[in-house]
Amino acid sequence: MATTAAAARNEQAGELANGQAGAQANVSSDDSATLERLLRERRSVRGFKPDPVPAELLERVMEMAQLAPSNCNVQPWTAHVVSGASAERMRTVLHDAAKSGTKMTPDFPLTGAYPGHYRGRQIDAAKSLFAATNVAREDVAARTESFLRNFRFFDAPHAMFLFIPAWAGMREAADCGMYAQSFMLALTANGLASCAQGALSHHAEIVHRELGVGDDHKLLFGIAFGYEDPAHPANSARTVRDKDHVLHG
């Protein structure tokens, strides 16, 4: 009996090894290169052409994003996309609210001042953008206008607003982040550009009202997307990535 059980285990181990070898054989260097290219090409674009994304292409990209993983497969995200007249309406009301100093009503507390090297990264990103758009540090009016462009989603023809259920916690927020990354990579793979925007959650009360979303869901952040305008100076800005990982052997 023991010999039979051992033989069965050995056979199972052999099948597992063969399966792993087969899986490795099915992964080509082209697949790895394509994934790396998409990861490197995806970046925060802040200048878009007015051309809308065809409905069938948008539907395909969103179907791809829906393949994102989530804890227990609960898929806690709900994505609302504004286009056309809805996008113009949303960009107008959000911009007007921000410009007039209307009190912000985020569904989740906004992060205060970043500490340490996180603050340094924030400053470096701002410096890169302002250098690209020729905004001087002392030019308060230009810096304000640069900030207000967030609420017009940088003139993108579309914006996605991502909600999670009111009962959700940090795990569900992380799931929503994985959905957003999948969505933005799918956009990149189809020749489209995007910018994830925390600013689109600052006036959550307005977004809820405009989209007809009740209190049973909370707005996490938004994503501007469409076709990149390569002539816009903001799109020449580049940021760097640090190596914040630790390998334990």
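Helix 4 (residues 84-100) packs against helix 8 (residues 204-211) at an angle of about 155°, and their axes lie 10 Å apart. The two helices are therefore roughly antiparallel to each other. The crossing of helix 4 over helix 8 is right-handed. From helix 4, Arg89, Met90, Val93, Leu94 and Ala97 make the contact; from helix 8, Ile206, Val207, Glu210 and Leu211 do. By class, these residues are seven nonpolar, no polar and two charged.

This is a predicted model: local features need pLDDT of at least 70, side-chain atom pairs count only at pLDDT 80 or more, and totals for chains, interfaces and linings use all residues. Residues are numbered from 1 along each chain as its sequence is written, and side-chain values use heavy atoms, with hydrogens and water left out.

Some terms come first. Helices (H or I, at least four residues) and strands (E, at least two) are DSSP runs, numbered from the N terminus. Axes are lines fitted to C-alpha atoms, for helices over the stretch in contact, and angles run from 0 to 180 degrees between N-to-C directions. Angles under 35 degrees count as roughly parallel, over 145 as roughly antiparallel, 65 to 115 as roughly perpendicular and the rest as oblique. Contact means heavy atoms within 4.5 Å.

Leu38, Leu39 and Glu41 of helix 2 meet Gln181, Leu185, Thr188 and Ala189 of helix 7. This contact has four nonpolar, two polar and one charged residues.

| Helix pair | Angle | Axis distance |
|---|---|---|
| Helix 4 and helix 8 | about 155° | 10 Å |

Thr188 belongs to helix 7 (residues 170-189). Thr188 is buried, with a relative accessible area of 11%; buried means under 20%, exposed over 50% and partly exposed in between, with a 1.4 Å probe and protein chains only. Beyond its neighbours within four places in sequence, Thr188 contacts Leu38, Glu41 and Arg42.

Now the interior. A nonpolar core is a set of buried Ala, Val, Leu, Ile, Met, Phe, Trp, Tyr and Cys residues joined through side-chain atoms within 4.5 Å. The largest has 27 residues; Phe48, Val82, Met90, Leu94, Phe153, Phe161 and Val207 touch the most other members. Helix 4, strand 2 (158-165), strand 3 (193-197), helix 8 and strand 4 (217-226) each supply at least two residues. Helix 4 gives the most, with six. Another core, of 24 residues, lies apart from it and includes Val53, Leu57, Ala65 and Met160.

How values were computed
Left-handed = near helix turned anticlockwise from the far one by under 90°. Nonpolar A, V, L, I, M, F, W, Y, C, P; charged D, E, K, R; others polar.
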